[in-house]
Amino acid sequence: VTCAPILLIYFCFSITNQLIRKTRIFPCSEPVGDSNDIFTTRTRRQIEQMKTWDRVRVYTFAVYWGIFFMVMQVLVSKLTVVFLSWLIEQTSSFGLGAVTAILVGVGVAMFLLPPVPGVPVYLTLGIVLPAQGHETLGWVGSIGYSIAIGLVLKLFSSALQQKMIGENLSRYVRVRQFVGVNSTLMKAMRLVLSQDGLSVPKVAILIGGPDWPTSVLCGILRLSLPQIILGTIPVVMLIFPTCLTGALLYMASLKDASGNPEFSWAGTVSTITASVTALVQFGSMIVAAYYLEQTADKRVDDVAAIVDDAEVKKADDEAAHLNKCYREVTQWNKIPVLPKLLMWSSLACIVISCYIVQLFSSQCFTEHSLTDSIDDNLQGNVGNLFLPLGWIATGLFSASVVLLYVFTSWGKVKAKLKAKEAAPKPEILAYGSSDRTDFDLDLQAAADGIHADELVVSSNDNNNSVASYHRRHSDSQGAHSTSTRF
């Protein structure tokens, strides 16, 4: 998704480069290589290398990445801002206590939703609480108050996510298998987060990681709640600039009696504090990734000493054969044309959708901020947030999801059929097999309705025993046939 246009541009440059080499305009040019090839030798090697990839796996992950981008960029980023702007508008006439109670309740509910990040919640606190409390607490006091509420809200929500969601989900083997509790990454994370007190790696993970997944993972890994709460307290470094940005945005919107901005400097400073917020958030993510990699590389013995989850290991072993069958039936050179078209169409739809939203955002969505009114800016209809091009991008996104679902469903059906065919079948031995024992003959006789004591078995002469069995078996069948005719 990210590199598709860049790859096409690279191929165009390679074709141009090859054409120039063929003309031999520049004596210092490298050799043409294969004169019948439109690409340079290096590009051709790279293309051949890409042909060895498991293309279905690569395409599938590319579509997943595009889906993640669209969900976070549209459903979360845009719609969360619209909802919070509505909340700000509705609570504008309430007192500080009532507004605080409403925001805490809404904030906890939003924190319990997996895709919702904490920054929009902190930004809302920074806008609403100073707006309601600056007359009684002053600007500094009301901003400090919003920061304190944000910290309490984050810690309380993290505890709920860990104990109420994470530890309950940890009872399910499929959940533990999905998050990969036996993987090196999860074991490295367990080592870092299990440390008592505060450390840079621990704090970086708890601040830089996504709010809901990080806290829920702590519950699934059954980590100590007090230690996790202690490690989460430094999140105030993220809450402080975010709430301050919200307060400055509100202050920038205030005008005096003559219509001039009351705080003309607030807009400029809010840009700086917003940059600090982004720096803290993304910086902590990078630091967290660095220390996780360092832990996995340098503490190999400690990571290996963590005992695997036996139930998850068993589930992984059982799923391994089915996954192998899925990879085999979805080999690109083996699948029919229709499934290929499904995968190509899904990939094309998500790539086009992502680039439309990224490059033409102003033509896809109506600009709407936390301080805007839905009635004024969107004419009272949330659907007006989407412009025609935005609806097209959303439609392509939906089509990509459906097409990928159809393809993967087809692949899973084929994989189950292959796994069923490849399942070992019980070996049935022939009557004349030299591996048959006296006990085997007794069982076969019982199955045929012949009493075991009618068999003449000689352990010293297996061939004679088999011949005797056949003779009596034939006599029994003849008697049964006569009785039936009678």
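Okay, ground rules before the pictures. The model is predicted, so local features need pLDDT of at least 70, side-chain atom pairs count only at pLDDT 80 or more, and totals for chains, interfaces and linings use all residues. Residues are numbered from 1 along each chain as its sequence is written, and side-chain values use heavy atoms, with hydrogens and water left out.

Let's start with helices. When I say helix, I mean a DSSP run of H or I with at least four residues, numbered from the N terminus. Take α5, residues 119-169, and α9, residues 211-220: they pack at an angle of about 40°, with their axes 5 Å apart. The axes are lines fitted to C-alpha atoms over the stretch in contact, and angles run from 0 to 180 degrees between N-to-C directions. That angle makes α5 oblique to α9; the label covers whatever is left once you take out under 35 degrees (roughly parallel), over 145 (roughly antiparallel) and 65 to 115 (roughly perpendicular).

Who is touching whom here? Contact means heavy atoms within 4.5 Å. On the α5 side you have, among others, Tyr122, Lys154, Gln161 and Ile165, and they meet a set in α9 including Trp212, Val216 and Ile220. By class, that contact has seven nonpolar, six polar and three charged residues. For the classes, Ala, Val, Leu, Ile, Met, Phe, Trp, Tyr, Cys and Pro are nonpolar, Asp, Glu, Lys and Arg are charged, and the others, Gly among them, are polar.

On to salt bridges. The rule is a side-chain nitrogen of Lys or Arg within 4 Å of a carboxyl oxygen of Asp or Glu, and the count comes to 11. One of them joins Glu48 and Arg44, at 3.8 Å, N to O. These two sit four residues apart in helix α2, residues 41-51, so about one helical turn separates them. Both are partly exposed: Glu48 at 37% relative accessibility, Arg44 at 25%. For those labels, buried is under 20% relative accessible area, exposed is over 50%, and partly exposed is in between, using a 1.4 Å probe and protein chains only. Asp37 joins in too, giving a salt-bridge network of Asp37, Arg44 and Glu48.

Glu311 is partly exposed at 49%, while Arg176 is buried at 8%.

Leaving aside neighbours within four places in sequence, Asn182 is in contact with Lys187, Asp308, Asp309, Val312, Lys313 and Asp316. For a sense of scale, Asn182 and Ala310 are 128 residues apart in sequence, yet 9.2 Å apart C-alpha to C-alpha.

Last stop, α8, residues 200-208. How many of its nine residues are buried? Eight, so the helix is largely enclosed by the rest of the structure. Among the buried ones are Pro201, Lys202, Val203 and Ile205. Those buried residues pack against α7, α9, α10 (225-232), α11 (236-253) and α12 (266-298).

That's my tour; over to you.
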